[in-house]
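Please open the model in your viewer and keep the selection tool at hand. The stops below say what to select next and what is found there.

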Amino acid sequence: MITLAPSRAQKTALTGLFLSVFLAMLDAQVVATALPRIAGEFGGTGAYAWVTTAYLLAGSVSAPLYGKLGDVFGRKRVLLGALALFLLGSLACGLAPSATTLIAGRVLQGAGSGGLFVSVGASLGEMFTPREGAKYFGWFSICFAVSSLAGPVVGGLLTGVAGWRSIFLVNLPLGLAALGCLRSLDLPKRQREAPFDFAGVVLLGVAITGFTLLTPWSAALGAASAVAFVFVERKADAPVLPLRLFRDRTFSVSVVLSVLAGFAFLGSVNYIAVLLQADAGPAEGGLRLVPMTLAVAAASLVTNKVIARTGAYRWAPRLSMALGLLAVLGLLTLHGLPAVLGCLVVFGVAAGLNMQVLAIATQNTAPPADRGAVAAGVNLARALGSALGPVALGVAYRAGTHGVFLALLPVLALGLVTALVLPHVPLNR
């Protein structure tokens, strides 16, 4: 186990881990402000929802697979493979001659990003005890939060200065730097023979896709696939997502909370950006996001330091959902830019309180052999929520951003009720 004062090589490895997460999350949001330029070059807008959706879907579907592969073959080699796939997809997107090629590149990027989120979280779980790891999960949260909220701003700046292809090509030097840093990563090496759960992977992928598309036929297909997935996993010798994990109340409650947090705090980012740009250009609108971004980072860092010191964590998701409710109520009732920005700062604090607490809680109760599967389950749940959010809130957006915030109220209320039943298991030293 790493001590609280890591060596120089370990610090280098941590830099590679955090840079990988930053790139993967940044690309989930960075294309939003570049889509008009992409549509203008390729002469249409019909398929461009898939430029974002393909990335999120591929990441969600691949996450459990990477968790299982890491448990079997070792975390480091799976992490390096995911990063290489992400960079290959970035290159394909940056050089894409058509919309079809661009979407294919986004699928490759997304498939890589799913492995990055899962493998980085599970790697931290292997490097540290849960109590020690809370500190480093805080930095994970900051990378995650800042990149997700800064994505639209960075995308707009790069597109304006160097063209839309630059938002993908910039990943190459940064990703290569991350690969270099990850050479210092020292994790247990293991390889054991295990049958591969192909049926489970396919059914889970179809279920996630069906629920994310949110049409009547896709939802029905998703529900049928989910039922079939449960039956298959119960009999599989090496299930991609072991159902026995749900016997642990910490894991099952954390999965539900992760879906709700992803929906509310990540799924609403683009609509918040639209609200802040209503009477200003993209640059000024991006600057208005800065206070909320800083609030997310500060809240996440402080939360994880408190958890590392005290070992208590249940307070964080409870306070997160309560503050989220207050912030949304303020956005629905208050007017004027200062009031809106104040409410968004509170919303940012709420998001930061919830970033990596659930990962810490589930890693704490998971057996070492299941850490990859547990990390995959929590990341899958958050990714599913963040993919569902834009689609579902888009229906409410027909009534304007007021409709979006109104739709967030029951989600956050359900999150608060769920957080109240999260069990407390003291963090393992």
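Predicted model: local features only at pLDDT ≥ 70, side-chain atom pairs only at ≥ 80, totals over all residues.

Residues are numbered from 1 along each chain as its sequence is written, and side-chain values use heavy atoms, with hydrogens and water left out.

Begin by colouring the chain by pLDDT, the predictor's confidence in each residue, from 0 to 100; the chain averages 82, and 90% of the residues score at least 70. Helices here are DSSP runs (H or I, at least four residues), numbered from the N terminus.

Next, select Leu17 and Leu124, which touch the most other members of the largest nonpolar core, a group of 101 residues. Helix α11 (residues 249-266) gives this core its largest share, ten residues. Such a core is a set of buried Ala, Val, Leu, Ile, Met, Phe, Trp, Tyr and Cys residues joined through side-chain atoms within 4.5 Å, where buried means under 20% relative accessible area with a 1.4 Å probe, protein chains only.

Now move to Leu408, in helix α18 (residues 401-419). Is Leu408 buried or exposed? Leu408 is buried, because its relative accessible area is 0%. Leaving aside residues up to four places away in sequence, Leu408 touches Phe263, Ala264, Ser268, Val328 and Leu393, a contact being heavy atoms within 4.5 Å.

For the second largest pocket, select Leu204, Leu241, Val255, Leu380 and Leu384, the closest to its centre of the 18 residues that line it. By class, this lining has 17 nonpolar, one polar and no charged residues, and α17 supplies its largest share, five residues.

Finally, select Gln356, Ala359, Ala375, Val378 and Asn379, which lie nearest the centre of the largest cavity among its 16 lining residues. On a 1 Å grid over the protein atoms alone, a cavity is a set of points where a 1.4 Å probe fits but cannot get out, a pocket is an open set with protein on both sides within 12 Å along at least five of seven lines, and lining residues have an atom within 4 Å of a point. In the largest cavity too, α17 gives the most to the lining, with five residues.

Conventions: Helix = DSSP H or I, 4+ residues; strand = E, 2+ residues; numbered from the N terminus. Buried < 20%, exposed > 50% of the residue type's maximum accessible area, 1.4 Å probe, protein only. Nonpolar A, V, L, I, M, F, W, Y, C, P; charged D, E, K, R; others polar.
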